[in-house]
Amino acid sequence: MNRFAWLLDRLAYEPRRNGKLALIADYLRTTPDPDRGYALAAMTGGLVFQNAKPGLIRALIAERTDPVLFALSYDYVGDLSETVALMWPARHGVNDVPHLPDVVAGLRNSGKTELPRLIASWLDALDETGRWALLKLITGALRIGVSARLAKTAAASLGGIPADEVEQVWHGLEPPYTALFAWLEGSGARPEATDPAPFRPVMLSHAIEEGDFDKLEAGELAAEWKWDGIRVQAVAGTRPDGGRVVRLYSRTGEEIGGAFPDVTEALTQDGAIDGELLVMRDGVVQSFNTLQQRLNRKQVTAKMLAEFPAHIRAYDLMAEADDDLRAHPYTERRARLEAFLGRLDSARFDLSPRIPFASWDELTAARADPASAGAGADAEAVEGCMLKRLDSPYLPGRPKGYWYKWKRDARLVDCVLMYAQRGHGKRSSFYSDYTFGVWRVGEEGTDELVPVGKAYFGFTDEELIEIDRYVRKNTLNRFGPVREVTHTLSSGLVFEVAFEGLQRSTRHKSGVAMRFPRINRIRWDKPPGEADRIETLEALLPAN
Amino acid sequence: MKPSDLLTPTPAGLYCPPADIYIDPVRPVARALISHGHSDHARAGHGAVLATRETLAIMALRYGEAFTGSQQLAVPGETVRIGAVDFRFVPAGHVLGSAQIVVEHRGLRIVVSGDYKRERDPTCAPFEPVPCDVFITEATFGLPVFRHPPAHAETGKLLDSVRLFPERTHIVGAYSLGKAQRVMALIREAGYERPIYIHGAVEKITEFYRAEGIPLGDIRKVDPGERKAEERKAFAGEIVICPPSAIQDLWSRRFPDPVTAFASGWMRVRARARQKGVELPLIISDHADWDDLQATIREVQAGEIWITHGEAEALAHWCGTVGLKGTPLHLVGYGDEGEAEPDAKPAEAKPAEASP
């Protein structure tokens with residue numbers, strides 16, 4: 001456990017990708033089975049423990065510390081595992097440090113009643129770094145800047161092969177991956193179980209810049225709508241024994257299919273679709289707000305399936321049956337995609353249409369008014385346009401010169417800072433999450449601020465330090481991690497807030513919800529009384 | 001007399017009405033008593049300053065001889081009467097010359113501790129607990145997550161890393177008054193004999209420490225900008241101490257493949273180290289940690305604890321749990337130098353983009 005803790009600790013402080021790769025590869029090379037396999041599983045999200053949950057950790061620390069001091073500390077540190085690791089009272093004389101495989105076995109096999117005592121005994125025996133690593137393992141969120149892909153790349157380097165080859169065999173393997181390491185180190189055969197539905201690295205676009213239009217020929221590019229959902233990969237394949245495998249991946253390769261049976265069940269043909277996950281009702285795409293009801297869930301109820309039906313609007317076809325299409329040009333993949341979608345349930349899968357245009361002026365007009373340019377009732381879910389070279393292959397990562405995104409212009413509104421909250425992770429202990437409001441006529445006829453959104457980015461590090469200082473010096477009230485900041489007509493801080501879209505919302509007091517709000521500028525110069533009014537926002541709401 | 005009649009928090013700082021003086025005022029005042037030389041406690045522009053010899057010297061070094069209208073020497077342990085109030089400066093163990101200020105009037109004794117620490121420090125006189133009625137404490141590290149490990153273990157980490165990466169320069173960020181010199185003294189105690197290189201901003205105070213008789217060994221000023229690329233290679237495997245603001249500057253990037261270290265109590269929290277891009281965090285602090293704050297409060301046996309700055313709520317809460325009256329004063333203005341407030345630059349958070 002100490003070596004694993006040492007690795008995580010070093011990784012947490014190593015900023016360079018190559019440095020991280022070297023640390024992981026060195027660990028995997030010099031650590032015996034099965035320890036290294038469990039470490040690899042921890043870094044690739046392959047360890048899930050049924051009964052070990054953050055709630056259990058909270059209960060353990062609650063028995064040992066003052067609740068107020070714990071709450072203040074957690075608020076300050078911004079990370080549960082680290083807070084507990086730091087606060088755990090030392091028990092001198094207990095030094096039987098557990099081994100990683102024993103910890104994994106213990107976490108897997110122990111029942112709910114015995115687990116707390118077991119975890120407490122490990123925490124007693126470990127030092128601060130060890131406790132931190134153990135708690136990271138239990139809570140499942142390492143947050144050390146290592147993606148599953150990076151860990152697999154490091155593992156692949158043991159055999160001097162590209163990460164994609166590890167990806168190919170990955171889904172047939174289980175921790176502690178002894179067969180994988182044997183293969184990588186040349187002492188065993190390539191693992192047989194080739195995954196019939198693997199994740200393929202996603203192709204991403206560059207934001208288009210003003211000068212790009214001069215260099216591009218309208219006739220060489222296709223335009224499509226950029227939909228405001230989440231980018232996914234829906235993949236289906238058949239194992240040699242005839243069993244079918246259907247998976248839904250996020251753009252980073254996380255499996256999210258468990259929460260979307262409506263989509264996975266409808267993928268009845270073998271292939272790999274790149275598309276946008278949306279919620280569709282009566283043939284109309286719903287707002288991102290609505291889609292959020294289905295996101296970040298492990299399970300889904302029948303009621304949710306009926307109320308928020310999921311749908312994939314397809315952009316591309318990466319593979320069809322055993323045929324890898326990624327080297328083929330866009331036009332050819334598109335034709336194959338259309339035919340492929342023709343064999344699927346159109347209520348679950350449809351084609352993201354192309355936008356007809358002959359000149360940049362025509363596309364500019366379409367982007368400004370998607371409703372009249374083919375998006376129709378779905379226009380509210382359009383985030384902008386995508387431009388793709390007709391001859392572009394499907395390449396992993398963000399290659400230059402093939403795909404461009406051209407987002408709709410952001411809307412701007414001047415708001416007044418009302419509350420500030422301490423951030424988490426990299427920004428822990430800074431007041432970095434801001435709730436802001438606009439003016440409206442209150443119940444007593446006088447003007448009052450009503451919160452319209454929350455943003456935590458858009459400013460530089462230097463600006464954050466200035467805002468943080470402002471918050472500390474202009475605090476009216478403290479509510480745990482939240483500070484209420486002075487906000488009167490004459491005294492307060494104005495933010496120019498940019499956002500992508502606006503929805504009606506019954507959950508917000510103001511009746512509106514912003515999409516992608518961010519701090520565009522800090523208006524140190526502007527008196528709060530001159531900030532915008534709710535009527536300005538209401539005028540931007542969609543007509544329905 | 002109520003304690004708040006003897007000392008009362010004002011926007012300019014702690015004010016003593018019967019003596020008409022301020023302690024560590026954050027604005028220019030007629031008469032100031034200064035606990036130590038850090039710039040958030042020792043500001044220029046007062047009419048008169050009473051402080052220890054070292055603190056007066058440090059203020060003169062930093063602000064020029066004309067930093068105050070007149071100055072008066074406070075000898076540690078001796079009583080100075082101003083009006084009807086007795087003042088006594090007692091070592092605080094924070095940095096060279098740092099003092100607690102004992103305020104006594106008609107049988108009521110208040111100790112203003114200033115910033116202090118209890119851990120051994122070869123570069124300054126140790127903290128002396130003074131029993132009192134009211135103890136005014138800082139709470140920079142007033143949360144139970146802050147437990148400083150022994151400082152020599154932390155400098156040991158630095159020396160281990162130097163041995164492990166002889167091809168890289170170790171850049172150690174350390175506050176220029178106190179921390180930098182303490183790190184030098186600690187690595188000398190550990191037997192490190194090579195020259196220690198310093199940034200120009202650390203030079204004046206370091207010279208002062210040496211002149212005060214604190215052995216720091218072979219200390220050399222370095223500016224990589226003035227050297228040819230070939231010459232800079234000679235700094236592989238060396239230790240360079242610079243102010244925290246310089247650890248990510250071009251200044252430090254010019255050394256061969258630098259390892260970024262930072263000596264601060266904040267390094268206890270991982271996010272803090274990562275915010276500053278620190279690869280080698282060294283938990284070395286000039287301030288009392290959580291356990292030492294508690295131990296000190298118990299030791300001085302005061303019934304009332306006033307908390308000037310830092311994590312005041314947490315420490316006040318703890319006071320309540322042991323039957324003491326803890327009151328946060330919410331004094332503003334402290335923490336612009338040294339460790340009292342974060343000065344890290346967090347990496348800009350990126351929005352979670354839904355789709356490319």
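Two residues are in contact if their C-beta atoms, placed from the backbone, lie within 7 Å. By that rule, 69% of the contacts in chain A with a separation of 6 or more join residues 24 or more positions apart. This is a predicted model, in which local features need pLDDT of at least 70 and side-chain atom pairs count only at pLDDT 80 or more, while totals for chains, interfaces and linings use all residues. Residues are numbered from 1 along each chain as its sequence is written, and chains are lettered from A and ligands numbered from 1 in the order in which they are written.

**Chain A as a whole**

- Chain A holds 20 helices and 20 strands; helices (H or I, at least four residues) and strands (E, at least two) are DSSP runs, numbered from the N terminus.
- Chain A is as compact as a globular protein of its length, because its radius of gyration of 26 Å is close to the 24 Å that the globule rule gives for 544 residues. The radius is taken over C-alpha atoms, and the rule is 2.2 Å times the number of residues to the power 0.38.
- The C-alpha trace of chain A spans about 65 × 60 × 45 Å along its principal axes.
- Of the 544 residues of chain A, 39% count as buried. A residue is buried if 20 or more other C-beta atoms lie within 10 Å of its own, exposed if 12 or fewer, and partly exposed in between.

**Where chains A and B touch**

- Chain A gives 42 residues to the contact and chain B gives 31 residues.
- On the side of chain A, the elements that give two or more residues are α1 (2-13), α5 (67-77), α6, β3 (230-238) and α19 (461-473). The largest share, 6 residues, comes from α5(A).
- That side of chain A divides into 19 nonpolar, 10 polar and 13 charged residues. Ala, Val, Leu, Ile, Met, Phe, Trp, Tyr, Cys and Pro count as nonpolar, Asp, Glu, Lys and Arg as charged, and the others, Gly among them, as polar.

**Helix α6 of chain A**

- In α6(A), 7 of the 8 residues are buried, including Thr83(A) and Met87(A).
- The cover over these buried residues includes α4 (54-64), α5 and α9 of chain A, together with α8 (270-275) of chain B.
- The axes of α6 (residues 80-87) and α9 (residues 128-139) of chain A come within 8 Å and cross at roughly 145 degrees. Axes are lines fitted to C-alpha atoms, for helices over the stretch in contact, and angles run from 0 to 180 degrees between N-to-C directions.
- Among the residues that meet are Leu80(A) and Val84(A) in α6(A), and Trp132(A) and Leu135(A) in α9(A). By class, this contact has 6 nonpolar, 2 polar and 4 charged residues.

**Nonpolar cores**

- A nonpolar core is a set of buried Ala, Val, Leu, Ile, Met, Phe, Trp, Tyr and Cys residues joined through C-beta atoms within 7 Å.
- The largest core has 157 residues, and Leu134(A), Val172(B), Val183(B), Val240(B) and Ile241(B) have the most contacts inside it.
- Another core, of 56 residues, lies apart from the largest one and includes Phe199(A) and Trp227(A).

**Places in chain B**

- Helix α9 of chain B (residues 290-300) has buried residues including Trp290(B), Leu293(B) and Ile297(B). Its buried residues pack against β10 (108-112), β11 (134-139), β18 (304-310) and α10 (312-321) of chain B.
- Lys276(B) lies in the loop between α8 and β17 (280-282) of chain B. Lys276(B) counts as buried because it has 24 C-beta neighbours inside 10 Å.
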